[in-house]
Amino acid sequence: MVQATHKISELFLGAPLDPFSKETKRHIALIAFLAWIGLGADGLSSSCYGPEEAFLALGDHRALGLYMAAATAITVFIIAIAYNQVIELFPSGGGGYKVATSLIGPYTGLVSGAALIVDYMLTIAISVASGVDAVFSLLPPEVLAFKPEIEVALVGLLIFLNLRGMRESIKMLLPIFLGFFITHALLILFGVGFQADRLPALVPGTLAETSQLAGQLGWVFVASLFLRAYSLGGGTYTGIEAVSNNVQSLAEPRVRTGKWTMFYMATSLSFTAGGIILLYLLWDVRPVEGQTLNAVAFRAILEQGLHNPAVETVALWTVLALEGGLLLVAANTGFLGGPAVLANMAADSWVPHQYRYLSSRLVTQRGIQLMGVAAIGILLVTAGSVALLVVLYSINVFLTFSLSLLGLCIYWWRVRRSDRRWLPRLCLSAFGLVVTGGILVVTTVEKFAEGGFMTLVITGIVIALCSLNHAPRSAASFAPPTRAWRPSTTRRARRPSRFRASPRLCSSSARAAAAASTRSTGSGANSPVTSGTSSSSTCVPSTPNATAAARSSMPCGTTRTTRSPTSSTSATTVASPPRPISVSASIPSRS
């Protein structure tokens, strides 16, 4: 029965991978280009809805759109450069969770980690729901009845691809990602080119309209209007943190690969998002019932450039289908980032340790399954409502941003006497904190009644569950020690020095064997004493009989250090089979 199960698993998920093989390293490590596709899709897909929200928030004061396009492009690079510091300081991954835990405190890290977990679950849900909506807008209304089933099926497909391995899931989604970026880049370039005659007068006209608006309503009103629209378009910046959360998935050298990935992501996102807002302004795009602003702008560009209704329709279908496909690729980011955060939290005992272990395909199987099942549940409960999911999604993203940048500010202030780079990096981190913190406050206040409170409730529940999982382990770690030996009733006995008792985990059989060994050999001044610090809290008697009796109580794969009776050098004893491979540990190469 077991063999049949393994054969079925290999048939669907692939043969087990050798963790010591060089080919395996190439299989699980992502170069910058593949990482840009696998991790950057979440950020790039936000250009499908973030710029639209910001532009619509301006209302009739569309002249501010030029400032919005410039501010959007600049903000993307500010956040990306700030997160390059996270990649440098934490090359093993972990992102916002590691930053908050290490630089602020463990409970702040718990808040950041819980927010990231919910964020990645919502990333999968909102990306799938938005992608299905984009494609279904081109189909007859009768097909809408099958939307929930298709959403669940797509999440199931992504679970299957990620259980096979990261590179398989990314390579299958590669054409969609590149197709989206190329088509949108061409539309932006052609759209701006068709309106080239308006460009010389764009800046002077914008300045004149801004001055006129300020003269009528005041500069405070102009600044407030712009900042509100800027904050409500904060969904444009979601997904930038994905690289820092998954540095451990990148090819060596990880820091350099991570920085190049971040550069690709920031460049593509700033160009696409800023260019789309510029298209709205140049083409005077107005909302149309049942269509997105992207669809309205792209249709106008294709009509002027192609002059063939049939070709225009096919081209528009292709562009919008690629938008839906890219949102599906963005959903895959949740399966890469979510399990990575769970693995780091498992190392700190906030979640069960099983979330650290790799499967035979060298992926964090339990994390992938949890993210997928949770995303399906969210889709079913919310009925795939993108409007509600966007509200739930954006708040946690900027909560994580703000905590990470706060941690960086604290770090650079602490090392100001030892690191000459502290001042410019502190200023960059502080400016980023002001930007992300402002967006967080405005979004929470504006959207609280529209579903923002649900984000706080869900995140609070995750924090409570993590605390309950952590509490028993914390209590055990502070439990009073029990002695591993019994004193004699006839004379005062000295502590046996043939073995070091780290008494919490010593089994009764180990204690009895150790005590017998001590009585038979004596415990005088010449008895060897274990030196150094044990890597675990399990007793390791020095005699063979005691070692055999105690080995059954030793955790798998634990290293023990003892001293030989005739030598001052240390020897290492390794207990029986090793634990499953931990995701946070690097894979050694075979000599």
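Visitor: How many salt bridges does the structure hold?

Guide: Side chains of opposite charge can pair when their charged atoms come close. In this predicted model, the structure holds eight salt bridges.

Visitor: Which residue meets Asp284 in a salt bridge, and what does the pair tie together?

Guide: The side chain of Asp284 meets that of Arg62, at 3.5 Å from N to O. Asp284 lies in the loop between α13 (254-282) and α14 (293-306), and Arg62 in the loop between α4 (50-57) and α5, so the pair ties together parts that are 222 residues apart in sequence.

Visitor: What does the salt bridge between Arg228 and Glu446 link?

Guide: The side chains of Arg228 and Glu446 meet at 3.4 Å, N to O. This pair links distant parts of the chain, with Arg228 in helix α11 (residues 219-232) and Glu446 in helix α18, 218 residues apart. Arg228 is partly exposed at a relative accessible area of 35%, and Glu446 is partly exposed at 33%.

Visitor: Where does Asp419 find its salt-bridge partner?

Guide: The side chain of Asp419 meets that of Arg421 in a salt bridge of 3.0 Å, N to O. Asp419 is buried, with a relative accessible area of 16%, whereas Arg421 is partly exposed, with 39%.

Visitor: How many helices and strands does the protein have, and what share of its residues is buried?

Guide: The protein has 20 helices and two strands. It comprises 591 residues, of which 51% count as buried. Among contacts with a separation of 6 or more, 78% come from residues 24 or more positions apart.

Visitor: What does the accessible surface come to, and which residues form a nonpolar patch?

Guide: The accessible surface of the protein comes to about 27,200 Å², and 65% of it belongs to carbon and sulfur atoms. A nonpolar patch on the surface is formed by Phe448, Phe453, Leu456, Val457, Ile461, Leu465 and Leu468, which together have about 690 Å² of accessible area. One of these residues, Val457, lies in helix α18 (residues 422-477). Val457 is partly exposed, with a relative accessible area of 47%.

Visitor: What space lies in the largest pocket, and which residues are closest to its centre?

Guide: The largest pocket holds about 1,100 Å³ of space. It is lined by 41 residues, and Cys48, Tyr49, Glu52, Thr292 and Val386 are the closest to its centre. The elements that each give two or more residues to this lining are α4, α7, α11, α14, α15, α17 and α18.

Visitor: Which backbone angles deserve attention here?

Guide: Most residues other than glycine have a negative phi, and most peptide bonds are trans. Here, a cis peptide bond joins Glu252 and Pro253, with omega about -10°. Pro253 lies in the loop between α12 and α13.

Visitor: Where are the residues Asp284 and Ala383, whose phi is positive?

Guide: Asp284, with phi near 50°, is placed in the loop between α13 and α14. Ala383 has a positive phi of about 60° although it is not a glycine, and its place is in the loop between α16 (365-382) and α17. Ala383 is exposed, with a relative accessible area of 60%.

Note on methods. Residues are numbered from 1 along each chain as its sequence is written. This is a predicted model: local features need pLDDT of at least 70, side-chain atom pairs count only at pLDDT 80 or more; totals for chains, interfaces and linings use all residues. Side-chain values use heavy atoms; hydrogens and water are left out. Patches are made of residues with over 30% relative accessible area and no salt bridge: like charges are joined within 9 Å, nonpolar side chains (Val, Leu, Ile, Met, Phe, Trp, Tyr) within 5 Å. Accessible areas come from the Shrake-Rupley method with a 1.4 Å probe; for residues, only the protein chains shown count as cover. A salt bridge is a side-chain nitrogen of Lys or Arg within 4 Å of a carboxyl oxygen of Asp or Glu. Helices (H or I, at least four residues) and strands (E, at least two) are DSSP runs, numbered from the N terminus. Buried means under 20% relative accessible area, exposed over 50%, partly exposed in between (1.4 Å probe, protein chains only). Contact means heavy atoms within 4.5 Å. On a 1 Å grid over the protein atoms alone, a cavity is a set of points where a 1.4 Å probe fits but cannot get out, and a pocket is an open set with protein on both sides within 12 Å along at least five of seven lines; lining residues have an atom within 4 Å of a point. Grid points are joined across faces, edges and corners, and a volume is the space filled by probe spheres set on the points.
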